[in-house]
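Please walk me through this model in the viewer, one selection at a time. Tell me what to pick and what is found there.

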Amino acid sequence: MSIFLTNARLIDPEQGTEEIGAVLVDDGVIKELVYGGNPDLGVKTVDCGGKCLAPGIVDIGVKVCEPGERHKESYRSAGTAAAAGGVTTMVTRPDTLPATDNPEALEFLERRANAAAPVNVLPMAALTKGREGREMTEIGFLMDAGAVAFTDCDHVVRDAKVLGRALSYARSLGALVIGHVQEPGLSAGAAATSGKFASLRGLPGVSPIAERMGLERDIAMIAMTGARYHVDQITTAQALPALRQAKEEGLDITAGTSIHHLTLNEFDVADYRTFFKVKPPLRSEEDRMAIVEALREGLIDTLSSMHTPQDEESKRLPFEEAASGAVGLETLLPAALRLVHSGDLDLPTLFRVLSLNPAKRLGLSCGRMAKGAPADLILFDPDVPFVLDRWALRSKSKNTPFDGQRMQGKVLATYVAGRTVYEMQDA
Amino acid sequence: MAFSHSHLLGIEPLSPDDINAILDLAEQYVKLNRREVKHGDALAGLTQINMFFENSTRTQASFEIAGKRLGADVMNMAMQASSIKKGETLIDTAMTLNAMHPDLLVVRHPQSGAVNLLAQKVKCAVLNAGDGRHEHPTQALLDALTIRRAKGRLHRLNIAICGDIAHSRVARSNILLLGKMENRVRLVGPSTLMPSGIKEFGVEVYESMHEGLKDVDVVMMLRLQRERMDGGFIPSEREYYHRFGLDAEKLSHAKPDAIVMHPGPMNRGVEIDGEIADDINRSVIQDQVEMGVAVRMAAMDLLARNLRARPKEVQA
């Protein structure tokens, strides 16, 4: 089946352009790109009304709570949320209960995911068994079963020898390892970033230096092993020089950041609002601005939602006891568009970090506005204003820090392999 | 300006006028408390529940006496032994209590912010009797009243707060209160016991008692919170006492009429020399306990007035 999407502002993150044009989708791929004019190809035509058409978002690090905590999020609810949020590929985290650390479990999840979710789901697997940092998982079998990357998520592999072996083995198979950079001793028990705000609230803080220390250790390990490595989230200015140097030295390293660290700062926690408790904790405004700049110039490669569903019970607790994490699949795009509206990023740059770079890093052919690329596309209006109501989210969990906030930008339609998986209902 | 708050969760939201309102009313209760018949009726008919999730003898007794002297029906709940141990969440506990229609809830909790959370969920007036490392507002208020009575004013004084600042909610509330009242606050202690970002609080930080105590009007000692430390903050108690414990020699650097305060309970020989603690010419530690009752009476009285003034929910 073919569709012809005409009169759209085509966002091309590879060329860095946004121009009016049309896209012919056939057989799940982008068959033809036509710039300007209103060509007639004699097929079913969808007039996009001059709205933006961009490669769908590839979101690395989505937590779907299957198995273990399906009441927080299932593949069906996450997939529906992703489609509505413009995320056409969810790269899921293995920090499930139990951890996704064996090929049998991974294959089972893939089958469930593909049956239940309307978008692409690519699973990651744990780097060490049980995410305990003692023994590497069956990286080879897991790759055969479809694991696209290996990560222990927010568990840092403390033992450098274990990490070194896992990295070395991963390198031999060409596997991508995703690390959470924190010096574990310094960050133990922390609920906030150390500084005036943490002290005023009496919350245990972690110095931002813990991120730099974690990164520097891992960089040394990459230099030793030659592994392919991606940092899940860089959130502090102090970590950036080490990242820059590692890239300049030619190490195979890339880095991401989360939408929450990019658009919020530590003061948003205000009066112990646990929906703003994320891991690592929100940072200072200076850090946030440094991360925006690093993203703009390309030092930080990817931007993701770090979607982490938590139910009301695990958030309605004293701040230190409350669970970390925020849902983000449906708010990633409107929150990221804040940076476009503020003039910090342009749209092609935004989709470079949301779609192109994560796809490239995972070796996927999507994320591009190019002939032959998969027709994973989103049509959106970057300007339409709305006030976010968390109860209107499609995720089972409603723990968003953006509740009640004014946002701009809505997804009008989402296509996965040319199939319409979401269309906004007229309000 | 009338005191308009519905809870007393910390010093942070209070204005200097609010603070003066509490202290002025507390002065009246000091007089009442020194009479033979110590009864008022400001809280008559109201139910006060003291919920202590953390052990306390002094603060709990002080709140209990304060409530009883003003005619409230006071109930103590030792939460450590109760349903919290059975897995009930703080919110559920709050909802259960709500159904019993208390008017004043006095809460101490080991987690910072827990009292704020409770206050959002209950309908009565909540008083923070200490939450984690966050705030202990009635302690700062009783300290302020003690200073005001001893020094004749509560502004433009040099005040040194010494010792374990990092783990102390008393220190945080005092820094905020004394700053709002326009005093110069110095913090003295080892760098390992200073909270991060402390210089942004508008205080001067010293790592030597000699320099820190030089010419101060008030020396406020803090308890070394051994129960909150999991090792490695100080090398040993004897070295701590040698460098930071208050003795006559260190006190000699302060003004000759400087007063010595301690929120209690004291670790004699760790942060303070026993003789100084007992020196009636310098130590106002007993006055602090006395002012504690008066300040708590005043705070509960003011909150109760606002409670009574609030429009009642219509009940079927």
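**Stop one: a helix in chain B**

Start at B:Gly71, which follows helix α2(B) and has a positive phi, near 90°. Keep in mind throughout that this is a predicted model.

Now select the helix itself, residues 58–69 of chain B.

Colour B:Thr59, B:Gln60, B:Ser62, B:Phe63, B:Ala66 and B:Gly67, which are the buried residues of α2(B). Look down the axis of α2(B): the buried residues fall within an arc of 165°, so they line one face of the helix. To see what covers them, show the strands β1 (47–52), β2 (73–78), β3 (104–109) and β4 (125–131) of chain B, which are among the covering elements. The helices α5 (137–151) and α11 (285–309) of chain B are also included in that cover.

**Stop two: salt bridges within the chains**

How many salt bridges does a search of the whole structure find over all chains? The search finds 38.

In chain A, pick A:Glu132 and A:Arg134, which form a salt bridge with the closest N and O atoms 2.9 Å apart. A:Arg134 is exposed, at a relative accessible area of 60%.

Next, select A:Asp252 and A:Arg228, whose side chains form a salt bridge at 3.9 Å, N to O. A:Asp252 sits in the loop between α8 (240–248) and β14 (253–258) of chain A, while A:Arg228 belongs to strand β13 (residues 228–231), so the pair ties together parts that are 24 residues apart in sequence. Are these two residues buried, exposed or partly exposed? A:Asp252 is partly exposed at 31% relative accessibility, and A:Arg228 is partly exposed with a relative accessible area of 25%.

Move to chain B and select B:Lys255 and B:Asp217, a salt bridge in which the closest N and O atoms are 2.9 Å apart. This pair links distant parts of the chain, 38 residues apart: B:Lys255 is in the loop between α9 (248–251) and β9 (259–261), and B:Asp217 is in the loop between α7 (209–213) and β8 (218–221). B:Lys255 counts as partly exposed at 29% relative accessibility, whereas B:Asp217 counts as buried at 6%.

Then select B:Asp24, B:Glu27, B:Arg148 and B:Arg149 together; salt bridges that share partners join them into one network.

**Stop three: where the chains meet**

Show both chains and select the residues in contact: 23 of chain B and 17 of chain A. The size of an interface is often given as the accessible area lost when the parts come together. Between chain B and chain A the buried area is about 1600 Å², with carbon and sulfur atoms giving 53%.

Which salt bridge joins B:Glu12 to chain A? The partner of B:Glu12 is A:Arg201, and the closest N and O atoms are 3.0 Å apart. The count of salt bridges between the two chains is one, and the count of residue pairs in polar contact is nine.

Finally, highlight α3 (90–98), α4 (114–121) and α6 (169–180) of chain B, each of which supplies at least two residues of the side that touches chain A. The largest share of that side, five residues, comes from α4(B).

Terms used:
Residues numbered from 1 in each chain as written. Chains lettered and ligands numbered in written order. Predicted model: local features only at pLDDT ≥ 70, side-chain atom pairs only at ≥ 80, totals over all residues. Heavy atoms only, no water. Helix = DSSP H or I, 4+ residues; strand = E, 2+ residues; numbered from the N terminus. Expected span 1.5 Å × (residues − 1). Buried < 20%, exposed > 50% of the residue type's maximum accessible area, 1.4 Å probe, protein only. Arc of directions from axis to C-beta. Contact = heavy atoms within 4.5 Å. Salt bridge = Lys/Arg side-chain N within 4 Å of Asp/Glu carboxyl O. Buried area = accessible area lost by both parts, 1.4 Å probe. Polar contact = N/O pair within 3.5 Å; in protein donor to acceptor, adjacent residues only side chain to side chain.
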